[in-house]
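Hi,

Here is the structure I promised to send over. Have a look at it first, and then read on for what I found.

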Amino acid sequence: MTTLNNEEKLSIVNQHIKNVEYNKYNLQISLIEENAVSSPNAEAISSLNAQIASNDLKLAALEEEKNNLTE
């Protein structure tokens, strides 16, 4: 059985960070779109903001893992 070295693990973590950043930006664009309409849906805005906050928590956890791998 082959185990991953730290460089390989870092590569995976970095890819996850990139994916979460893409998702967060997509949500931010959706929020801009929702706020642009004449009658923004408050429930949709609340949901988008919650998802953005969730992505921030994921990014913090991934950054912590990244820091642990580089120590």
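This is a predicted model: local features need pLDDT of at least 70, side-chain atom pairs count only at pLDDT 80 or more; totals for chains, interfaces and linings use all residues.

The protein has two helices and zero strands. Its radius of gyration is 16 Å, well over the 11 Å that the globule rule gives for 71 residues, so the protein is more spread out than a compact globule. You can see this in the box that its C-alpha atoms fill, roughly 55 × 20 × 15 Å along the principal axes.

Of the 71 residues, 21% are buried. The exposed surface comes to about 5,300 Å², and carbon and sulfur atoms supply 51% of that area. Looking at contacts with a separation of 6 or more, 69% are between residues 24 or more positions apart.

Now to helix α1, which runs over residues 6-36. Its 31 residues reach 45 Å from the first C-alpha to the last, close to the 45 Å expected at 1.5 Å a residue. At the start of α1, a side-chain oxygen of N5 comes to within 3.1 Å of the backbone nitrogen of E7.

Which residues of α1 are buried? They are L10, V13, I17, V20, K24, L27, L31 and E34. An α-helix has 3.6 residues a turn, so residues three or four places apart point the same way. That is a handy thing to remember as you read along the list. As for what covers these buried residues of α1, the cover includes α2, residues 42-70.

Best wishes

Notes: Residues are numbered from 1 along each chain as its sequence is written. Side-chain values use heavy atoms; hydrogens and water are left out. Helices (H or I, at least four residues) and strands (E, at least two) are DSSP runs, numbered from the N terminus. The expected span of a helix is 1.5 Å times one less than its number of residues. Buried means under 20% relative accessible area, exposed over 50%, partly exposed in between (1.4 Å probe, protein chains only). Contact means heavy atoms within 4.5 Å. A polar contact is a pair of N or O atoms within 3.5 Å; within protein, one must be able to donate a hydrogen and the other to accept it, and residues adjacent in sequence count only if both atoms are side-chain atoms. The radius of gyration is taken over C-alpha atoms; the globule rule is 2.2 Å times the number of residues to the power 0.38. Accessible areas come from the Shrake-Rupley method with a 1.4 Å probe; for residues, only the protein chains shown count as cover.
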